[in-house]
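This report goes through one structure for a reader who has not seen it before.

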Amino acid sequence: MELEYVEPGTWPRGLGLWAGFLDPLPAAEAVALAGEIEQVGIATIWLQEYSGVDPFVRAALYLSATTSLTVALGVAVIYGRDAEAMVAAASTLEEAFPGRFVLGLGVSHRALVEARGHRYRPPIATIEAYLAAMDATLRKRRLPPRILGALGPKMLDLAGRAADGAHTYFAPVAHTAAARSALGSERWLAPSQMVALSPIGERASEDWRDHVRPYLQLCLGMPNYIANLERFGFSRHEIASTSDALVDAIVVADEPERLRGRVEQQRRAGADQVVLQFVPPAPAATIRDRLRLGITV
């Protein structure tokens with residue numbers, strides 16, 4: 001039987017917020033903060049894997065406690081669930097909260113997958129087969145939009161052909177333009193945008209780049225990100241040294257004009273939704289205080 005999918009035209013626009021900071025909180029506190037996030041005008045919160053909490057369970061809790069907030073997974077790792085289990089979880093959320101859940105799928109990184117005891121297989125063929133297995137499920141259920149965590153041209157091509165869009169991470173604005181070109185105009189595109197979290201009530205100082213470099217260096221331990229940056233003209237030296245040019249391309253200072261300008265660049269490049277991620281990772285209370293200042297982009 002064929003699966004039924006939500007029409008892409010109903011997908012959320014506006015701003016998204018990477019919400020990994022909710023994961024360490026007790027469930028009741030995280031749910032309360034999700035309600036505050038909805039009240040400040042964020043359209044979508046994005047949940048992650050590898051944090052010790054189940055993103056599908058947390059998605060159900062957040063959706064139950066809010067009225068218009070969308071929850072997206074950025075991304076659910078396909079090695080953690082077989083295709084039928086993924087369909088069951090995603091379709092249950094779509095049934096309970098129509099149009100308010102987006103299923104992001106991804107192959108993750110070799111080191112992370114193998115640390116969980118799985119054998120990392122060729123990414124494109126593996127996720128293409130996984131999508132086909134989802135489509136072949138015997139139970140007809142209404143599925144939410146499926147998007148892929150995608151960086152390279154082959155994965156972006158697959159996202160345009162076999163999924164409903166893409167979520168991109170740790171990439172410059174030029175990558176957003178390339179992703180839009182690869183996906184075409186009908187697919188949803190939600191790039192992440194890192195924002196250097198500055199002390200509340202202060203303008204970001206000129207050493208904000210040094211503040212975020214340690215976090216970026218952790219990300220640069222993943223070969224996928226290095227290969228993608230090289231495709232967009234960054235040299236091995238710039239990557240190894242986390243150069244100012246690299247930091248500026250990936251992160252924007254938490255100042256109103258700079259942030260507004262970067263979000264607008266992402267939108268002009270083809271983003272349907274820009275997902276803000278405050279870095280380095282901070283306690284939920286710090287991000288709550290930042291959100292209460294307002295995000296007018």
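## A buried threonine between two helices

Thr 242 is buried, with a relative accessible area of 1%. The model is a predicted one. Thr 242 sits in the loop that runs between helix H10 (236–241) and helix H11 (244–250). Its phi is near 45°, which is a positive value in a residue other than glycine.

Is Phe 170 buried or exposed? Phe 170 is buried, and its relative accessible area is 2%.

## Cis peptide bonds

Which peptide bond is cis with omega near 5°? That bond runs from Gly 74 to Val 75. Val 75 lies in the loop between strand S4 (70–73) and strand S5 (76–77).

Another cis peptide bond leads from Val 279 to Pro 280, with omega near -10°. Pro 280 is placed in the loop between strand S12 (274–279) and helix H13 (284–292).

His 167 is part of strand S9 (residues 165–168). With a relative accessible area of 7%, His 167 counts as buried, because the cut-off for that class is under 20%.

Not counting residues up to four places away in sequence, His 167 touches Trp 46, Gly 74, Val 75, Ile 147, Leu 148, Gly 149, Ala 150, Ala 190, Ser 192 and Val 275. Gly 74 and Val 75, both among these contacts, are the two residues joined by the cis bond with omega near 5°.

## Nonpolar cores

The largest nonpolar core has 66 residues, and the members that touch the most others are Phe 101, Leu 103, Leu 105 and Met 134. The element that gives the most to this core is helix H3 (residues 83–96), with five residues. A second core is separate and has 24 residues, including Tyr 215, Cys 219, Leu 220 and Ile 239.

What is Leu 105 in contact with, leaving aside its neighbours within four places in sequence? The residues are Val 75, Ala 76, Ile 78, Met 86, Ile 127, Leu 131, Met 134, Arg 146, Ile 147, Leu 148 and Gly 149. Several of them, including Val 75, Ile 147, Leu 148 and Gly 149, are also touched by His 167.

## Helices H3 and H5

Two packed helices are described by the angle between their axes and the distance between the axes. H3 and helix H5 (residues 123–135) pack at an angle of about 60°, and their axes are 8 Å apart. H3 is therefore oblique to H5. Their crossing is right-handed.

On the H3 side, the contact is made by Ala 83, Met 86 and Val 87, and on the H5 side by Tyr 130, Ala 133 and Met 134. By class, six residues of the contact of H3 with H5 are nonpolar, none is polar and none is charged.

## Helices H7 and H12

Helix H7 (residues 173–183) and helix H12 (residues 256–269) have axes that come within 8 Å and cross at roughly 20°. Angles under 35 degrees count as roughly parallel, so H7 and H12 are roughly parallel to each other. H7 passes H12 in a right-handed crossing.

H7 contributes Val 173, Thr 176, Ala 177 and Arg 180 to the contact, while H12 contributes Arg 262, Gln 265, Gln 266 and Ala 269. The contact of H7 with H12 comprises three nonpolar, three polar and two charged residues.

## Helices H1 and H13

How do the axes of helix H1 (residues 27–39) and H13 lie, and at what angle do they cross? They come within 10 Å and cross at roughly 20°. H1 is therefore roughly parallel to H13. The crossing in which H1 passes H13 is left-handed.

Leu 33, Glu 36 and Ile 37 of H1 make this contact with Ala 284, Arg 288, Leu 291 and Arg 292 of H13. Four nonpolar and three charged residues, with no polar ones, form the contact of H1 with H13.

Terms used
Residues are numbered from 1 along each chain as its sequence is written. This is a predicted model: local features need pLDDT of at least 70, side-chain atom pairs count only at pLDDT 80 or more; totals for chains, interfaces and linings use all residues. Side-chain values use heavy atoms; hydrogens and water are left out. Axes are lines fitted to C-alpha atoms, for helices over the stretch in contact, and angles run from 0 to 180 degrees between N-to-C directions. Helices (H or I, at least four residues) and strands (E, at least two) are DSSP runs, numbered from the N terminus. Angles under 35 degrees count as roughly parallel, over 145 as roughly antiparallel, 65 to 115 as roughly perpendicular and the rest as oblique. A crossing is left-handed if the near helix is turned anticlockwise from the far one by less than a right angle, and right-handed if clockwise. Contact means heavy atoms within 4.5 Å. Ala, Val, Leu, Ile, Met, Phe, Trp, Tyr, Cys and Pro count as nonpolar, Asp, Glu, Lys and Arg as charged, and the others, Gly among them, as polar. A nonpolar core is a set of buried Ala, Val, Leu, Ile, Met, Phe, Trp, Tyr and Cys residues joined through side-chain atoms within 4.5 Å. Buried means under 20% relative accessible area, exposed over 50%, partly exposed in between (1.4 Å probe, protein chains only).
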